[in-house]
Amino acid sequence: MGFIAFLILGLIAGAIAKAILPGRQGGGWIITLVLGVVGALLGGWIGGMLFGTGLQEFFSLQTWLLAIGGALIVLLVYGMITKRGARR
């Protein structure tokens, strides 16, 4: 998968993860892009460790599920970090 395709995958996966999680997450499209790309990397790594497969092709369902799952995990961690900082 090319670099631009990976950025698009990250942006869309981050947006889907924000739509799935309840509540209001802060950040604009740049934060969504960063969280989505980090989540796609995490999802690909987890997929490689657990299932022996990672991010393959842009239009693969497996790639999208791994990227969205990773973005959900990253978004949960990001939400815990930012809420903890807001309480102080």
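Let's start with helix α1. Phe 6, Leu 9, Gly 10, Ala 13, Gly 14, Ala 17 and Lys 18 are buried there. These residues take up an arc of only 160° around the axis, so they sit on the same side of α1. An α-helix has 3.6 residues a turn, so residues three or four places apart point the same way. Now turn the helix over. On the other side of α1, Ile 4 and Ala 19 are exposed.

One caution before I go on: this is a predicted model.

Next, the whole chain. It has three helices and zero strands. Along the sequence the pattern reads α-α-α. There are 88 residues, and 34% of them are buried.

So what is in the core? The largest nonpolar core has 16 residues. Those with the most contacts inside it are Phe 6, Leu 9, Ala 13, Ala 40, Ala 67 and Leu 75. At least two residues of this core come from each of α1, α2 and α3. Helix α3, residues 61–87, gives the most, with six residues.

Is Gly 70 buried or exposed? Gly 70 is buried, because its relative accessible area is 2%, and the cut-off for buried is under 20%. Now look at Leu 42. In sequence, Gly 70 and Leu 42 are 28 residues apart. In space, their C-alpha atoms are 5.3 Å apart.

Now the surface. Which residues form the nonpolar patch there? They are Phe 3, Ile 4, Ile 8, Leu 11, Ile 12, Ile 16, Ile 20, Trp 29, Ile 30, Val 34 and Val 38. Together they have about 1100 Å² of accessible area. Two or more patch residues come from α1, and likewise from α2, residues 29–51. Helix α1 gives the most, with seven.

Take Ile 20 from that list. It belongs to α1. Ile 20 is exposed, because its relative accessible area is 51% and exposed means over 50%.

In soluble globular proteins, nonpolar side chains tend to be buried together. Here, the patch puts nonpolar residues on the surface. That's the tour.

Methods:
Residues numbered from 1 in each chain as written. Predicted model: local features only at pLDDT ≥ 70, side-chain atom pairs only at ≥ 80, totals over all residues. Heavy atoms only, no water. Buried < 20%, exposed > 50% of the residue type's maximum accessible area, 1.4 Å probe, protein only. Helix = DSSP H or I, 4+ residues; strand = E, 2+ residues; numbered from the N terminus. Arc of directions from axis to C-beta. Patch = residues over 30% accessible without salt bridge, like charges linked within 9 Å, V, L, I, M, F, W, Y side chains within 5 Å. Areas by Shrake-Rupley, 256 points an atom, 1.4 Å probe, with all protein chains shown as cover. Salt bridge = Lys/Arg side-chain N within 4 Å of Asp/Glu carboxyl O. Core = buried A, V, L, I, M, F, W, Y, C linked by side-chain atoms within 4.5 Å.
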